[in-house]
Amino acid sequence: MKKTIFFSKTIITFVCILMMSACGLFFNPSTYVKAALDALYKGELEQYSNVTSTPISQAQSQYEAGYKSQADVLATVYGFTDKNGIINMSDQIRAQVEDLCKELYGQIEYKINEKYEKTKSEYKVEVKVTPITTLKDNMMAINEFVENYNANIIAGKYNDEIVYSQDMIDLEYEQGILDILKNVINNPTYGQPQTIFVRVMCDVDRNSYYINTDDLIAMNKAIIKYPS
């Protein structure tokens, strides 16, 4: 089956995580947002645990859920799917994709403004994100690989089912893409900074704060730029 990179069809998914902290006189929304983003993207969990009284084990689960969700996005973009567009990866490939996304997360750059706006029901914290464009900027090698792979299919390279099982064919494609990505990720490139306002909502009835889900989704869309 010929492979296609599904750039125009990519849907950015995200594990929406409700991050909460007890309301208090000394609550600082900028500190809270930084701790939450550092935990979610960098795996720096101690400050987040202290600020929100979240157990380290729970924060670790949230961190892992984030980059694993991003792994599904990357797998969909690069065609690690079956003929119906359903993600289809071996454990070996999935582990590599997750490690790649974990490394991408570690390269994310953002700066939280210590000043914030306050209304009756929310705080608005300015976050300046510098998106990673490594995947977008290194498409030449990916395109060449995909073209060669498809040419081999047309030429009948994989027709002998005794020599090439479907799993072997998929592995050759997926490993080839991953080898290219793992090589270029060591030299990350970045785009122009983008400003996102993250709203910290106060739930008076529950005496707690949480980050607006829509703003988390916007943040997640901004951090890594895929080819378009």
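In the model, Lys124 lies over the face of Phe197, with a distance of 5.8 Å to the ring centre. The structure is a predicted model, and the contacts described below are computed from its atoms.

Contacts between aromatic rings were examined next. The count comes to 13 aromatic pairs. One of these is formed by Phe27 and Tyr209, which are stacked, with 3.7 Å centre to centre and 10 degrees between the planes. This pair links distant parts of the chain, 182 residues apart: Phe27 belongs to the loop between strand 1 (20–22) and helix 1, whereas Tyr209 belongs to strand 5 (residues 208–211). Phe27 has a relative accessible area of 12% and is therefore buried. Tyr209, at 6% relative accessibility, likewise counts as buried. A further pair, Tyr158 with Tyr164, is edge-to-face, with 5.0 Å centre to centre and 85 degrees between the planes. Tyr158 is buried, because its relative accessible area is 8%, which is under 20%. Both tyrosines also belong to a cluster in which ring pairs link Phe80, Phe145, Tyr149, Tyr158, Tyr164 and Tyr173.

The largest pocket has a volume of about 190 Å³. Two or more residues of its lining are given by each of helix 1 (29–42), helix 2 (46–52) and strand 2 (109–118). Helix 1 provides the largest share of this lining, with 5 residues. In total, 13 residues line the pocket, and those nearest its centre are Ser30, Thr31, Lys34, Ala35 and Asp38. By class, the lining is made up of 5 charged, 5 polar and 3 nonpolar residues.

Lys34, one of the residues nearest the centre of the largest pocket, is placed in helix 1. At a relative accessibility of 43%, Lys34 counts as partly exposed, because this value falls between the limits of 20% and 50%. Lys34 and Ile112 are separated by 78 residues in sequence and by 6.5 Å in space, C-alpha to C-alpha. For Lys34 and Lys111, the separation is 77 residues in sequence and 8.3 Å in space, again C-alpha to C-alpha. Lys111 is located in strand 2. With a relative accessible area of 64%, Lys111 is exposed, since the value is over 50%.

Backbone geometry was considered at Ser53. Most residues other than glycine have a negative phi. At Ser53, phi is near 60 degrees, a positive value in a residue other than glycine. Ser53 occurs in the loop between helix 2 and helix 3 (56–77). Its relative accessibility is 64%, so Ser53 counts as exposed.

Cysteine pairing was also searched for. A disulfide is a covalent bond between the sulfur atoms of two cysteines. The search of the whole structure finds 0 disulfides. The surroundings of two cysteines were described by accessibility. Cys101 has a relative accessible area of 0% and is therefore buried. Cys202, by contrast, counts as partly exposed, at 24% relative accessibility.

Notes:
Residues are numbered from 1 along each chain as its sequence is written. This is a predicted model: local features need pLDDT of at least 70, side-chain atom pairs count only at pLDDT 80 or more; totals for chains, interfaces and linings use all residues. Side-chain values use heavy atoms; hydrogens and water are left out. On a 1 Å grid over the protein atoms alone, a cavity is a set of points where a 1.4 Å probe fits but cannot get out, and a pocket is an open set with protein on both sides within 12 Å along at least five of seven lines; lining residues have an atom within 4 Å of a point. Grid points are joined across faces, edges and corners, and a volume is the space filled by probe spheres set on the points. Helices (H or I, at least four residues) and strands (E, at least two) are DSSP runs, numbered from the N terminus. Ala, Val, Leu, Ile, Met, Phe, Trp, Tyr, Cys and Pro count as nonpolar, Asp, Glu, Lys and Arg as charged, and the others, Gly among them, as polar. A disulfide is a pair of cysteine sulfur atoms within 2.5 Å. Buried means under 20% relative accessible area, exposed over 50%, partly exposed in between (1.4 Å probe, protein chains only). Rings of Phe, Tyr and Trp (its six-membered ring) pair if their centres lie within 6.5 Å; planes under 30 degrees apart count as stacked, over 60 as edge-to-face and the rest as tilted. A charge sits over a ring if NZ of Lys or CZ of Arg is within 6 Å of the ring centre and within 35 degrees of the ring normal.
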